[in-house]
Amino acid sequence: SYVPGTLTVNPATLTVSAGAASRLYGAADPVLTGSISGFVGGDTLASATTGSLQFSSATTAATPVGHHAVTGGGLTANGGNYVIVQAPGNATALSITPAPLTITANGASKGYDALAFAGGNGVTYSGFVNGETSSVLSGTLSYGGSAQGAVNAGSYGILPQGLSSGNYAVSFAPGLLTVTPASLLIAATPVSKTYDGTVSASGSPTVTGLLGSDSVSGLGQAF
(Lines give C-alpha, C1' and ligand atoms only; values in the text may rest on other atoms or scores of the structure.)
Protein backbone atom coordinates (compact mmCIF):
# COMPACT_ATOMS: atom_id res chain seq x y z
CA SER A 1 0.00 0.00 0.00
CA TYR A 2 1.12 3.50 -0.65
CA VAL A 3 0.60 6.43 1.68
CA PRO A 4 1.13 9.91 0.24
CA GLY A 5 3.53 12.37 1.87
CA THR A 6 3.58 16.18 1.68
CA LEU A 7 6.15 18.29 -0.15
CA THR A 8 6.45 21.80 1.26
CA VAL A 9 8.19 24.37 -0.91
CA ASN A 10 9.24 27.26 1.28
CA PRO A 11 9.76 30.73 -0.19
CA ALA A 12 13.31 31.70 -1.01
CA THR A 13 14.72 34.86 0.51
CA LEU A 14 15.38 38.07 -1.36
CA THR A 15 17.66 40.46 0.49
CA VAL A 16 17.32 44.19 -0.09
CA SER A 17 20.62 46.01 0.52
CA ALA A 18 20.73 49.80 0.83
CA GLY A 19 23.78 51.61 -0.44
CA ALA A 20 25.79 53.70 2.02
CA ALA A 21 24.77 57.37 2.00
CA SER A 22 25.62 60.46 4.02
CA ARG A 23 24.52 64.05 4.48
CA LEU A 24 25.01 66.99 6.79
CA TYR A 25 22.77 67.65 9.76
CA GLY A 26 19.93 69.89 8.65
CA ALA A 27 20.20 68.96 4.97
CA ALA A 28 17.78 66.93 2.84
CA ASP A 29 18.42 63.24 2.32
CA PRO A 30 20.37 62.39 -0.83
CA VAL A 31 18.94 60.06 -3.46
CA LEU A 32 18.92 56.67 -1.76
CA THR A 33 19.83 53.60 -3.81
CA GLY A 34 20.57 49.93 -3.32
CA SER A 35 20.17 46.45 -4.74
CA ILE A 36 18.30 43.17 -4.27
CA SER A 37 19.79 39.69 -4.37
CA GLY A 38 18.75 36.05 -3.90
CA PHE A 39 16.92 35.12 -7.10
CA VAL A 40 17.02 31.41 -8.01
CA GLY A 41 16.18 29.25 -10.99
CA GLY A 42 16.69 31.95 -13.56
CA ASP A 43 14.22 34.31 -11.90
CA THR A 44 14.81 38.02 -12.29
CA LEU A 45 13.50 41.15 -10.69
CA ALA A 46 11.08 41.59 -13.56
CA SER A 47 9.78 38.01 -13.60
CA ALA A 48 9.62 37.27 -9.90
CA THR A 49 8.35 40.54 -8.46
CA THR A 50 5.80 43.22 -9.05
CA GLY A 51 6.38 46.88 -8.31
CA SER A 52 9.41 49.12 -8.23
CA LEU A 53 12.30 48.87 -5.80
CA GLN A 54 12.61 52.09 -3.83
CA PHE A 55 14.65 53.17 -0.84
CA SER A 56 13.59 55.63 1.82
CA SER A 57 14.53 56.89 5.26
CA ALA A 58 12.40 58.14 8.13
CA THR A 59 14.90 60.87 8.93
CA THR A 60 14.11 64.59 8.77
CA ALA A 61 16.28 67.70 8.70
CA ALA A 62 16.12 67.72 12.51
CA THR A 63 17.28 64.11 12.92
CA PRO A 64 20.47 64.23 15.01
CA VAL A 65 23.94 63.22 13.94
CA GLY A 66 24.47 59.46 13.81
CA HIS A 67 23.76 56.35 11.75
CA HIS A 68 20.18 55.81 10.65
CA ALA A 69 18.14 53.19 8.80
CA VAL A 70 17.41 53.08 5.10
CA THR A 71 14.54 50.77 4.11
CA GLY A 72 14.02 49.15 0.74
CA GLY A 73 10.44 48.56 -0.37
CA GLY A 74 7.93 48.77 -3.19
CA LEU A 75 8.17 45.14 -4.32
CA THR A 76 5.79 42.20 -4.01
CA ALA A 77 6.93 38.62 -4.72
CA ASN A 78 4.89 36.92 -7.42
CA GLY A 79 3.24 33.67 -6.38
CA GLY A 80 4.60 33.91 -2.89
CA ASN A 81 7.86 32.33 -4.06
CA TYR A 82 10.03 34.79 -2.15
CA VAL A 83 10.08 36.64 1.13
CA ILE A 84 11.76 40.02 1.04
CA VAL A 85 14.00 40.99 3.97
CA GLN A 86 16.20 43.95 4.81
CA ALA A 87 19.96 43.48 4.93
CA PRO A 88 21.41 44.01 8.44
CA GLY A 89 23.49 46.91 7.17
CA ASN A 90 20.34 48.84 6.23
CA ALA A 91 19.87 49.75 9.89
CA THR A 92 22.87 52.10 9.73
CA ALA A 93 23.15 52.87 6.01
CA LEU A 94 22.54 56.63 6.28
CA SER A 95 25.16 58.67 8.09
CA ILE A 96 24.25 62.17 9.29
CA THR A 97 27.36 64.21 9.97
CA PRO A 98 27.76 67.49 11.92
CA ALA A 99 26.96 70.71 10.09
CA PRO A 100 29.73 73.33 10.08
CA LEU A 101 29.24 76.23 12.48
CA THR A 102 31.59 79.20 12.77
CA ILE A 103 31.69 81.31 15.92
CA THR A 104 33.46 84.62 15.34
CA ALA A 105 34.48 87.03 18.09
CA ASN A 106 33.21 90.56 17.61
CA GLY A 107 35.85 93.25 17.42
CA ALA A 108 36.42 95.64 20.31
CA SER A 109 38.26 98.88 20.83
CA LYS A 110 39.18 101.10 23.75
CA GLY A 111 41.43 103.97 24.55
CA TYR A 112 44.54 103.22 26.55
CA ASP A 113 43.61 103.36 30.25
CA ALA A 114 46.52 101.47 31.86
CA LEU A 115 44.13 98.59 32.66
CA ALA A 116 44.42 95.02 31.40
CA PHE A 117 41.72 93.93 28.95
CA ALA A 118 39.70 90.83 29.84
CA GLY A 119 36.84 88.99 28.14
CA GLY A 120 35.36 89.94 24.81
CA ASN A 121 32.65 91.81 23.01
CA GLY A 122 30.25 88.99 22.13
CA VAL A 123 30.26 86.70 19.12
CA THR A 124 28.56 86.19 15.78
CA TYR A 125 27.28 82.78 14.65
CA SER A 126 27.24 81.48 11.09
CA GLY A 127 25.88 78.08 10.10
CA PHE A 128 22.84 77.29 12.24
CA VAL A 129 20.20 75.16 10.49
CA ASN A 130 16.59 74.25 11.23
CA GLY A 131 15.99 77.68 12.71
CA GLU A 132 18.23 76.86 15.66
CA THR A 133 20.09 79.38 17.78
CA SER A 134 22.93 79.37 20.27
CA SER A 135 20.56 77.78 22.79
CA VAL A 136 21.39 74.38 21.28
CA LEU A 137 25.07 74.75 22.19
CA SER A 138 26.51 73.35 25.38
CA GLY A 139 29.30 74.79 27.49
CA THR A 140 30.07 78.36 28.49
CA LEU A 141 31.33 81.03 26.13
CA SER A 142 34.73 82.36 27.16
CA TYR A 143 37.59 84.17 25.47
CA GLY A 144 41.29 83.64 24.96
CA GLY A 145 43.88 85.03 22.60
CA SER A 146 46.51 87.71 22.94
CA ALA A 147 43.87 90.29 23.95
CA GLN A 148 43.56 88.77 27.39
CA GLY A 149 45.67 90.90 29.71
CA ALA A 150 46.60 93.36 26.96
CA VAL A 151 47.41 96.84 28.32
CA ASN A 152 49.45 98.83 25.83
CA ALA A 153 48.20 100.49 22.65
CA GLY A 154 48.16 98.11 19.70
CA SER A 155 46.13 95.32 18.07
CA TYR A 156 45.39 91.97 19.70
CA GLY A 157 43.42 88.82 18.88
CA ILE A 158 40.24 87.85 20.73
CA LEU A 159 39.52 84.12 20.37
CA PRO A 160 36.14 82.70 21.46
CA GLN A 161 36.03 79.24 23.01
CA GLY A 162 34.09 76.89 25.25
CA LEU A 163 31.00 76.03 23.15
CA SER A 164 30.19 72.72 21.46
CA SER A 165 27.37 70.64 20.00
CA GLY A 166 26.98 67.08 18.84
CA ASN A 167 25.12 68.26 15.73
CA TYR A 168 27.64 70.93 14.70
CA ALA A 169 31.33 70.93 13.85
CA VAL A 170 32.23 74.13 15.66
CA SER A 171 35.15 76.30 14.56
CA PHE A 172 36.23 79.54 16.20
CA ALA A 173 37.40 82.67 14.38
CA PRO A 174 39.23 85.51 16.14
CA GLY A 175 38.16 89.12 16.42
CA LEU A 176 40.41 92.13 16.86
CA LEU A 177 40.95 94.27 19.93
CA THR A 178 42.34 97.73 19.16
CA VAL A 179 43.80 99.80 22.00
CA THR A 180 44.26 103.39 20.87
CA PRO A 181 46.76 105.77 22.49
CA ALA A 182 45.54 108.10 25.19
CA SER A 183 46.20 111.85 24.92
CA LEU A 184 49.11 113.26 26.91
CA LEU A 185 49.60 117.02 27.23
CA ILE A 186 53.03 118.42 28.05
CA ALA A 187 52.97 122.16 28.73
CA ALA A 188 55.99 124.38 29.27
CA THR A 189 56.14 126.36 32.52
CA PRO A 190 56.49 130.11 31.90
CA VAL A 191 59.87 131.45 33.06
CA SER A 192 61.97 134.58 32.57
CA LYS A 193 65.71 135.16 32.62
CA THR A 194 68.34 137.73 31.91
CA TYR A 195 69.86 137.41 28.50
CA ASP A 196 72.86 135.09 28.65
CA GLY A 197 73.39 134.10 25.04
CA THR A 198 71.89 130.57 25.48
CA VAL A 199 68.50 128.95 25.11
CA SER A 200 68.50 127.42 28.58
CA ALA A 201 65.38 127.77 30.68
CA SER A 202 64.73 126.85 34.29
CA GLY A 203 61.69 124.92 35.51
CA SER A 204 60.02 121.78 34.29
CA PRO A 205 57.05 121.26 31.99
CA THR A 206 53.73 120.13 33.47
CA VAL A 207 52.26 116.79 32.33
CA THR A 208 48.52 116.15 32.07
CA GLY A 209 46.87 112.86 31.11
CA LEU A 210 49.06 110.22 32.76
CA LEU A 211 47.04 107.12 33.67
CA GLY A 212 47.51 104.51 36.33
CA SER A 213 51.06 104.37 37.58
CA ASP A 214 52.54 105.67 34.34
CA SER A 215 55.18 108.39 34.60
CA VAL A 216 57.54 110.40 32.44
CA SER A 217 61.15 111.27 33.08
CA GLY A 218 63.90 113.37 31.56
CA LEU A 219 61.68 116.31 30.66
CA GLY A 220 63.20 119.76 30.36
CA GLN A 221 62.44 123.00 28.64
CA ALA A 222 64.38 125.61 26.68
CA PHE A 223 63.84 128.85 24.85
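User: What makes the largest nonpolar core a core, and which residues have the most contacts inside it?

Analyst: The model is a predicted one. A set qualifies as a nonpolar core because its members are buried residues of nonpolar type, joined through side-chain atoms within 4.5 Å. The largest such set has 20 residues, and those with the most contacts inside it are Ile103, Ala147, Tyr156, Ile158 and Leu177. At least two residues each come from E9, strand E13 (154-164) and strand E15 (175-180). E9 gives the most, with 4 residues. In general terms, nonpolar side chains of soluble globular proteins tend to be buried together.

User: Which residues does leucine 177 touch, leaving aside those up to four places away in sequence?

Analyst: With that exclusion, leucine 177 touches Ala108, Ser109, Phe117, Ala147, Ala150, Gly154, Ser155, Tyr156 and Ile158. Another core, of 14 residues, lies apart from the largest one; Ile36, Ala48, Leu75 and Tyr82 are among its members.

User: What makes E10 and E12 the edge strands of their sheet?

Analyst: The sheet is open and has 4 strands in the order E10-E15-E13-E12, with mixed pairing. Strand E10 (108-111) and strand E12 (138-144) each pair on one side only, and they are the edge strands. From one strand to the next, the twist averages 20°.

User: Why is the pair of phenylalanine 39 and tyrosine 82 called edge-to-face?

Analyst: The count of aromatic pairs comes to 4. For phenylalanine 39 and tyrosine 82, the ring centres are 5.7 Å apart and the planes stand at 70°, so the pair is edge-to-face. The distance limit for a pair is 6.5 Å, and planes over 60 degrees apart count as edge-to-face. Phenylalanine 39 lies in the loop between strand E3 (34-37) and helix H1 (45-48), and tyrosine 82 in strand E7 (residues 82-86), so the pair ties together parts that are 43 residues apart in sequence.

User: Why is the pair of tyrosine 125 and phenylalanine 128 called tilted?

Analyst: The ring centres of tyrosine 125 and phenylalanine 128 are 5.5 Å apart and their planes are at 45°, so the pair is tilted. Tyrosine 125 is partly exposed at 29%, and phenylalanine 128 counts as partly exposed at 22%. Tyr25, Tyr125, Phe128 and Tyr168 form one aromatic cluster.

User: Why does serine 165 count as buried, and what does its side chain approach?

Analyst: Serine 165 has a relative accessible area of 17%, which is under the 20% limit, and is therefore buried. Serine 165 lies in the loop between E13 and E14. A polar atom of its side chain lies 3.2 Å from the backbone nitrogen of asparagine 167, and the limit for a polar contact is 3.5 Å. Serine 165 also touches Val136, Leu137 and Val170, not counting residues up to four places away in sequence.

User: What makes the phi values of alanine 114 and asparagine 130 worth noting?

Analyst: Most residues other than glycine have a negative phi. Alanine 114, in the loop between E10 and E11, has a positive phi near 70°. Asparagine 130, in the loop between E11 and E12, has a positive phi of about 60°. Alanine 114 is partly exposed at 26%, and asparagine 130 is partly exposed at 36%.

Notes
Residues are numbered from 1 along each chain as its sequence is written. This is a predicted model: local features need pLDDT of at least 70, side-chain atom pairs count only at pLDDT 80 or more; totals for chains, interfaces and linings use all residues. Side-chain values use heavy atoms; hydrogens and water are left out. Rings of Phe, Tyr and Trp (its six-membered ring) pair if their centres lie within 6.5 Å; planes under 30 degrees apart count as stacked, over 60 as edge-to-face and the rest as tilted. Buried means under 20% relative accessible area, exposed over 50%, partly exposed in between (1.4 Å probe, protein chains only). Contact means heavy atoms within 4.5 Å. Two strands pair if DSSP finds at least two bridges between them. Axes are lines fitted to C-alpha atoms, for helices over the stretch in contact, and angles run from 0 to 180 degrees between N-to-C directions. A polar contact is a pair of N or O atoms within 3.5 Å; within protein, one must be able to donate a hydrogen and the other to accept it, and residues adjacent in sequence count only if both atoms are side-chain atoms.
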